[in-house]
Amino acid sequence: MEAGFFLAFTTGLAGGFGHCIGMCGPIVAMTALRTASDPGPGFFPQLLYHAGRIITYAVIGGLMGLAGSFVNVAGRMMGIQQVVLVLAGLVMTVMGLSIAGLFGSTKWIERHNNAVLSAASRVLSLGSRARFLPLGLLMGLLPCGLSYTVFIAAAGAGSPAAGAVTMLAFGAGTVPALLLFGAAVTWLSSRMRAAVQRAGGIMVVVMGLYYLAKGIRFYAEM
Amino acid sequence: MLPATDRATRSNSGRLYRLPLAALFVLLMLLRASAPAVDDNAVAWCRINDGPCRTAVQNLIVSLDITPRPVMTMRELSFTVSLLTTAQAPVDAAVSVDLTMPGMVMGRNTIILKSRSAGRYEGMGVIVRCPSGEKLWRATIDIRRAGRTVSVPFLFEVE
């Protein structure tokens, strides 16, 4: 079983570069750009975000291990994942607009949009850096092909604990690549603040709209 | 503008993580570069939803079938590999199917098949859904027999 944990870790490590930066990079960029001007170590919010994401993976891995079936648990999760995909799209669109400085702040959006946008904006506008933990917990639910593959291994791990540890190992493996990416965005942002903030914000908006479209399309297919 | 003490804190923390991150970046790039590349131009195209696919490799005719059809993601699927030779069909081979996605790292999803009858191997597995919408998959059948391994890749699309 230890070999399974190691395999899950190396899958996360290799997949971090080959998969996660492409799929989750915009969310990491969003947290990095959002905290680039905060005082203190720039790493901490991102570590909180990844901790949240890994906790969610471990819980789902535990459920997979308990059920002993990937298909049954994944099937039940699919509806929740589509909601999270739409929510992630909304959050990214709101935050991207704010980061790019297109509306000055998210207050314009809060005034003119619905309660969901407002709630998402409020979570990310909390004074405490702890806001990145719930964000990570939520984003851990995003549908992801690479994590699905490791969930299959978690389902076959034989127990809830082994399933959870499999996913913990996988999640830990994905962290270095995403931290590197976040560090690169923070570094760039500190050097070319205005240009990077605006370009990054627009990219986050585009990806947010893409996530929204995906989420809505999945609903249509269900 | 940040206070001077805060700027100093950020600067120190930046120095702390810059070197290990750079080392990690190089290590991961090396790991990625060492991953085996597959030339999909040389891979047999398989219309799996029309029926089993087959190809000849060395003295072996290898057939792959996935049911139920149409082949869909996130469903339990039955994978059947049939091996035909001019001599007696092998029952002692170790056969597995490795599912990967061309151009996208999707992790290792290997299905170990069991011998059901002469030359017929079966196992259950799942093809995961890629939220990007990509539907092209590669199934590489590994046949290990008498110390030799033959790999037979097929490309196919899922619903």
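Okay, some housekeeping. Residues are numbered from 1 along each chain as its sequence is written, while chains are lettered from A and ligands numbered from 1 in the order in which they are written. As the model is predicted, local features need pLDDT of at least 70, side-chain atom pairs count only at pLDDT 80 or more, and totals for chains, interfaces and linings use all residues; side-chain values use heavy atoms, with hydrogens and water left out.

Let's start with the sheet. Chain B has an open sheet of nine strands, in the order 1-9-8-5-6-7-4-3-2, and the pairing is mixed. The edges are strand 1 (44-45) and strand 2 (53-57) of chain B, each pairing on one side only. When I say strand or helix, I mean DSSP runs numbered from the N terminus: E with at least two residues for strands, H or I with at least four for helices. Two strands pair if DSSP finds at least two bridges between them. If that's new to you, strands of a sheet pair through backbone hydrogen bonds, either parallel or antiparallel.

Now look at strand 5 (residues 94-101) of chain B. Six bridges join strand 5 to strand 6 (residues 104-117) of chain B, and the two run antiparallel.

Buried means under 20% relative accessible area, exposed is over 50%, and partly exposed is in between, with a 1.4 Å probe and protein chains only.

Strand 8 also pairs with strand 9 (residues 148-157) of chain B, antiparallel, over ten bridges. Their hairpin has two residues between the strands, and B:A146 takes a positive phi near 55°. Across from B:I141 you'll find B:V152 in strand 9.

Keep B:I141 in view for the core. A nonpolar core is a set of buried Ala, Val, Leu, Ile, Met, Phe, Trp, Tyr and Cys residues joined through side-chain atoms within 4.5 Å. The largest one has 85 residues, and A:F70, B:F79, B:I141 and B:F156 touch the most other members. Its largest share, 13 residues, comes from helix 3 (residues 70-100) of chain A. Contact means heavy atoms within 4.5 Å, and beyond four places in sequence B:I141 has contacts including B:V62, B:L64 and B:F154.

Last, cysteines. A disulfide is a covalent bond between the sulfur atoms of two cysteines; here the cut-off is sulfur atoms within 2.5 Å. How many are there over all chains? The count is one, joining B:C46 to B:C53 with S to S at 1.8 Å. The torsion about that S-S bond is about 70°, so the disulfide is right-handed. B:C46 is buried at 3% relative accessibility, and B:C53 is buried at 8%. B:C130 is in no disulfide, and the nearest cysteine sulfur, that of A:C144, is 8.4 Å away.
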